[in-house]
Each structure stands twice: as structure tokens, then as C-alpha cells.
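Biologist: I'm new to this one and would like to learn how to read its helices. Can you walk me through it?

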Amino acid sequence: MKKSTAVTKPRPEFLEWQRQGFELLKHKFRYYIEDRQIISDMEFDLLEKKWIALGKRIGKTREAPFWIGFDWDHPFAQRAAVEVRRDG
């Protein structure tokens, strides 16, 4: 029996959760590494709460909010740094 090689397309909610998480990571880079935040701490906290709530709705729970500081070990840290430096 031949196995299916069909690729499952990610759900839009999951893609939005990923996009929001990446935007939060870029804000962390600006804040902690470049010392030039572009949104207030309150705006960041609201975005982070929205991201956590969406994650819970789609089964990607995160009990604790994002780490404090910028985590260079994050899988998308280098990409975030490149995009922020390129796009401002």
C-alpha cells in the first residue's frame, strides 16, 4: 500500500498565531537589543495576551508569557534580527 504524500495545509488560525508570535519576537529584539521600542509596554502586553488567548483556542497553550529579554536560542531569533535591521 502506497502512503499518501499529500501535504496538509496549516489552518488560518495557526498561521495567524505564528505571525503574531513572530511580531512579538521582533518587538522584543527592538526593545532589548536595539533599545528602540516602537510600541508601549502596555501595547506589547495586550498583543501578548491576544497571542496567548489565540494559542489556547487552537491548542497551542502557553501558561507563562514570553520570556523576559530576547532569546537568541529561539528558532526564529536570527530571522527576527535580520528583518528588524532590514525593515527598521
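Predicted model: local features only at pLDDT ≥ 70, side-chain atom pairs only at ≥ 80, totals over all residues.

Biologist: Which residues of α3 are buried, then?

Modeller: Those are Ala 77, Ala 80, Ala 81, Glu 83 and Val 84. Around the axis they span an arc of only 165°, so they lie on the same side of α3.

Biologist: And what covers the buried residues of α3?

Modeller: The cover includes helix α1.

Biologist: How do I describe two helices that pack like that?

Modeller: For two packed helices, you give the angle between their axes and the distance between the axes. Here α1 (residues 12-33) and α3 (residues 77-87) have axes that come within 9 Å and cross at roughly 70°. An angle of 65 to 115 degrees counts as roughly perpendicular, and α1 and α3 are therefore roughly perpendicular to each other. The crossing of α1 past α3 is right-handed.

Biologist: Which residues of α1 and α3 meet?

Modeller: From α1 you have Phe 22, Leu 25, Lys 26, Phe 29, Arg 30 and Ile 33. They meet Ala 77, Arg 79, Ala 80, Ala 81, Glu 83, Val 84 and Arg 85 of α3. Sorted by class, that contact of α1 with α3 has 8 nonpolar residues, 5 charged ones and no polar ones.

Biologist: Let me pick Phe 29 in α1. Is Phe 29 buried or exposed?

Modeller: Buried means under 20% relative accessible area, and Phe 29 has 0%, so Phe 29 is buried. Setting aside neighbours within four places in sequence, Phe 29 is in contact with Glu 34, Phe 70, Trp 72, Ala 81, Val 84 and Arg 85. Take Ala 81: Phe 29 and Ala 81 are 52 residues apart in sequence, while their C-alpha atoms are 6.6 Å apart in space.

Biologist: How do the axes of α1 and α2 cross?

Modeller: The axes of α1 and α2 (residues 41-57) come within 10 Å and cross at roughly 150°. That makes α1 and α2 roughly antiparallel to each other, and their crossing is left-handed. The residues in the contact of α1 with α2 divide into 7 nonpolar, 4 polar and 6 charged. Among those that meet are Trp 17, Leu 24 and Tyr 31 in α1, and Phe 44, Trp 51 and Leu 54 in α2.

Definitions and conventions
Residues numbered from 1 in each chain as written. Heavy atoms only, no water. Axes fitted to C-alpha atoms, helices over the stretch in contact; angles between N-to-C directions. Helix = DSSP H or I, 4+ residues; strand = E, 2+ residues; numbered from the N terminus. Parallel < 35°, antiparallel > 145°, perpendicular 65-115°, else oblique. Left-handed = near helix turned anticlockwise from the far one by under 90°. Contact = heavy atoms within 4.5 Å. Nonpolar A, V, L, I, M, F, W, Y, C, P; charged D, E, K, R; others polar. Buried < 20%, exposed > 50% of the residue type's maximum accessible area, 1.4 Å probe, protein only. Arc of directions from axis to C-beta.
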